[in-house]
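Subject: Handover of a structure

Dear colleague,

Please find below the structure that I am handing over to you.

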Amino acid sequence: MSENVLITGGTGFIGKYLTELLIANGFSVSVLSRSERKNTDFVTYYKWNLKQNYIDENAILNADYIIHLAGEGIVEKRWTNNRKKAILESRTKPIELIYAILQKNNKTVKGFVSASAIGIYGAVTSQKICTEYTLPANDFLGITCQIWEDTVDKIGSLGIRTVKIRTGIVLGKDEGFLKKVAPSFKAGFGSILGSGKQYLPWIHINDLTKIYLKAITDTHMHGPYNAVVTDNTTNLTFSRILANLYGYSIWLPKVPKFILKVVLGEMSVAVLKGQRVSSEKITKEGFEFQFTDIETALSDCIK
Ligand SMILES: NC(=O)c1ccc[n+]([C@@H]2O[C@H](COP(=O)([O-])OP(=O)(O)OC[C@H]3O[C@@H](n4cnc5c(N)ncnc54)[C@H](OP(=O)(O)O)[C@@H]3O)[C@@H](O)[C@H]2O)c1
C-alpha cells in the first residue's frame, strides 16, 4: 500500500502543486481543510475547525508523513493587531492540535515538514547574505516565523524528524505573488516599487514542491532550509524583466515609498524591503534547482 502524506492547507497554491507531485511519486495524499470537499481517487479530504479545536483525528492517525502549509495569507490584508494574531495562530494552533493527537494516541509519523518563510530574517535590505544560522529578526515577520518554527519543535520533542522550509516568493502561473502583480504588468502599467533596490528572493513552484518531496523522502534532512534561488534579483530587475516579457519597457515612474506606506500600512515592508538569502544548505544536501534564472522562471509562469 502507498504511503500517505497529510497536507494541512493542501487546497492552497503550494498544496495543489505538491499534491500532484506526491501522487506522481506514488504517495496517497490527504488534505486537512476548513471546508467540506469531495474525495477523489487520489486525495482524501478531512475537516478541521481550529476555532472549535476540532480536527478529524483519522487524518492524523492514517498519516505516514505530515506537511503543514495551512495559514492565513500574510499579505492579504493590512496588519492590524487582530490580523497579526490570526496570521500567527492559524500557523501555530494546527501544530498544537496535531501534537496533542499524536501524543494522546502514541502515534508517530516518519517526518513532519512545515512551511516557514524567509521573513524570519526580517524586513531589511542589506548586503548581508542570510543563512540558516542567521538569527531571527525582531520585527513582526521575524518574530512570527520564529514562534511558528519553535512550535514545530514541539513535534520534534516527540522524536519525530522535523524540517522547516524557509520559503521565498513563490512563482507560479496565476498564483501567489504573480497573481497579484502580473495583471498590472500585463496591462502595461507595471512599475518599480520604492527604490527597487530591495532584494526579491524567489523560487519557482516546481522547485519548491521538489524540495518538499525531498524533505519527506531524505531522512538526512532536518531543521531549517532556505528555499530560494540565490541570484540577487532585486525588485528593479524583476520588474524590468516582467515588463519586457510582456513586450514593453517600464515607462511609469517608481511607486514612491510613502504611497505604499499609506496604502499598505506596516505591511508595506513586505514589498519595500528584502534580504539576500543563501540556498547553499539545500544544494549541499544534493538538491538541484531546475529554475535558476529569473527570466526563464518568469517566462515559464506567464506563457
Ligand atoms: N506562496 C508564497 O509565496 C509563500 C512564501 C513564503 C511562505 N509561504 C508559506 O507557505 C504556506 C502555504 O502557502 P500558499 O501560498 O500555498 O498559501 P495559500 O494558497 O494561501 O493556502 C493556504 C491554505 O491554508 C488554509 N488556511 C487559510 N487560512 C486558514 C486558517 N485561518 N486556518 C486554517 N487554515 C487556513 C486554506 O485552506 P482551506 O481553505 O482549505 O482550509 C488555504 O488553502 C503558508 O504558510 C505560507 O505562509 C508561502
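In these notes, contact means heavy atoms within 4.5 Å. Helices (H or I, at least four residues) are DSSP runs, numbered from the N terminus.

This is a predicted model, in which local features need pLDDT of at least 70 and side-chain atom pairs count only at pLDDT 80 or more, while totals for chains, interfaces and linings use all residues. Residues are numbered from 1 along each chain as its sequence is written, and side-chain values use heavy atoms, with hydrogens and water left out.

Helices α5 and α7

Phe177, Leu178, Val181 and Phe185 of α5 meet Phe238, Ser239, Leu242 and Ala243 of α7. These residues comprise seven nonpolar, one polar and no charged (Ala, Val, Leu, Ile, Met, Phe, Trp, Tyr, Cys and Pro count as nonpolar, Asp, Glu, Lys and Arg as charged, and the others, Gly among them, as polar). The axes of α5 (residues 176–186) and α7 (residues 235–245) come within 10 Å and cross at roughly 55 degrees, so α5 is oblique to α7. Axes are lines fitted to C-alpha atoms, for helices over the stretch in contact, and angles run from 0 to 180 degrees between N-to-C directions. Angles under 35 degrees count as roughly parallel, over 145 as roughly antiparallel, 65 to 115 as roughly perpendicular and the rest as oblique.

Helices α7 and α11

Helix α7 also packs with α11 (residues 294–302), at an angle of about 45 degrees and with the axes 10 Å apart. This makes α7 oblique to α11. On the α7 side the contact is made by Phe238, Ile241, Leu242 and Leu245, and on the α11 side by Ile294, Glu295, Leu298, Ser299 and Ile302. Seven of these residues are nonpolar, one is polar and one is charged.

Helices α3 and α4

The axes of α3 (residues 81–104) and α4 (residues 140–156) lie 9 Å apart, at an angle of about 5 degrees. The two helices, α3 and α4, are therefore roughly parallel to each other. Among the residues in contact are Ile87, Arg91 and Ile95 of α3 and Thr144, Trp148 and Thr151 of α4. By class, the contact of α3 with α4 has eleven nonpolar, three polar and four charged residues.

The ligand

For Arg34 the corresponding distance to a ligand oxygen atom is 2.8 Å, and for Arg91 it is 2.8 Å.

Yours sincerely

Definitions and conventions:
A polar contact is a pair of N or O atoms within 3.5 Å; within protein, one must be able to donate a hydrogen and the other to accept it, and residues adjacent in sequence count only if both atoms are side-chain atoms.
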